[in-house]
Amino acid sequence: VSNMAFMGLIMLSQNDSREESIIKAMILGIWLEFNYMDSFPIFFVSFALTMLIVRLFDRHIGYSVSEFILLIIVSLFIKEIITYIMAWYSKGYNQEFMAFLAYRSFWVLLGNLMLIPIVRFGYSKMHQYILKKAQNLYMR
């Protein structure tokens with residue numbers, strides 16, 4: 001399960017306030033709720049809570065590649081645990097936790113680790129574009 005949008009959100013929200021980051025995570029969660037049938041409120045709650053937890057600690061993490069990879073791994077793991085809890089309570093999901101970790105969470109983490117270079121490349125291109133547009137505004 002690709003979490004490129006969630007990884008991009010974590011990267012883009014590093015300079016936002018805690019409230020802005022949580023609101024953006026809620027909006028992304030609602031958007032995913034519209035795309036998956038019978039999933040409400042799993043994505044909404046798991047994205048918002050994960051962003052809240054990540055934002056409590058991300059000020060202590062720098063902007064290097066290794067620190068970003070660590071932040072992504074921790075945030076995806078937190079999101080998967082919250083997703084499991086939400087599915088268990090709200091949807092009657094009955095798979096054991098260790099089986100969930102082995103059969104879903106491990107593969108989600110592994111698969112998304114391979115997508116990190118794409119997210120970082122997209123972020124750097126977007127950041128360059130925004131800086132260029134901002135520079136053009138000040139040149140007028």
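In which helix is the place of Lys79? Lys79 lies in helix H4, which comprises residues 65-91; helices are DSSP runs (H or I, at least four residues) numbered from the N terminus. The views below show a predicted model, in which local features need pLDDT of at least 70 and side-chain atom pairs count only at pLDDT 80 or more, while totals for chains, interfaces and linings use all residues. Residues are numbered from 1 along each chain as its sequence is written, and side-chain values use heavy atoms, with hydrogens and water left out.

**View 1**
Lys79 counts as buried because its relative accessibility is 2%, where buried means under 20% relative accessible area, exposed over 50% and partly exposed in between (1.4 Å probe, protein chains only). Leaving out residues up to four places away in sequence, Lys79 touches Asn3, Phe6, Ser46, Phe47 and Thr50; a contact is defined by heavy atoms within 4.5 Å.

**View 2. A network of salt bridges links Lys79, Glu80 and Arg104.**
A salt bridge places a side-chain nitrogen of Lys or Arg within 4 Å of a carboxyl oxygen of Asp or Glu. The side chains of Lys79 and Glu80 meet in such a bridge at 3.1 Å, N to O. Glu80 also pairs with Arg104, at 2.8 Å, N to O. This second pair links distant parts of the chain, as Glu80 belongs to helix H4 and Arg104 to helix H5, 24 residues apart. Glu80 is buried because its relative accessibility is 0%, whereas Arg104, at 25%, is partly exposed. Side chains of opposite charge can pair when their charged atoms come close.

**View 3. Helix H5 bends at Ser105.**
Ser105 is found in helix H5, residues 97-113. The bend there is about 35°, taken as the angle between axes fitted to the seven residues ending at a position and the seven starting there. With a relative accessibility of 2%, Ser105 counts as buried. The other buried residues of H5 include Phe100, Leu101, Val108 and Leu109. Not counting residues up to four places away in sequence, Ser105 touches Glu80 and Phe100. The C-alpha atoms of Ser105 and Glu67, which are 38 residues apart along the chain, are separated by 21 Å.

**View 4. The largest nonpolar core has 22 residues.**
A nonpolar core is a set of buried Ala, Val, Leu, Ile, Met, Phe, Trp, Tyr and Cys residues joined through side-chain atoms within 4.5 Å. The residues with the most contacts inside the largest core are Phe6, Met7, Ile10, Phe47, Met51 and Ile72. Helices H1 (4-12), H2 (18-35), H3 (42-57), H4 and H6 (116-139) each supply at least two residues of this core. Apart from it lies another core, of five residues, among them Ile42, Ile78, Met86 and Ala87. Beyond its neighbours within four places in sequence, Met51 is in contact with Leu9, Ile10, Ser13, Ser21, Ile22 and Ala25.

**View 5. A salt bridge joins Asp38 and Lys91.**
The structure holds four salt bridges. In the one shown here, the side chains of Asp38 and Lys91 meet at 3.4 Å, N to O. The two residues are 53 residues apart and link distant parts of the chain, with Asp38 in the loop between H2 and H3 and Lys91 in helix H4. Asp38 is exposed, with a relative accessible area of 65%, while Lys91 is partly exposed at 35%.
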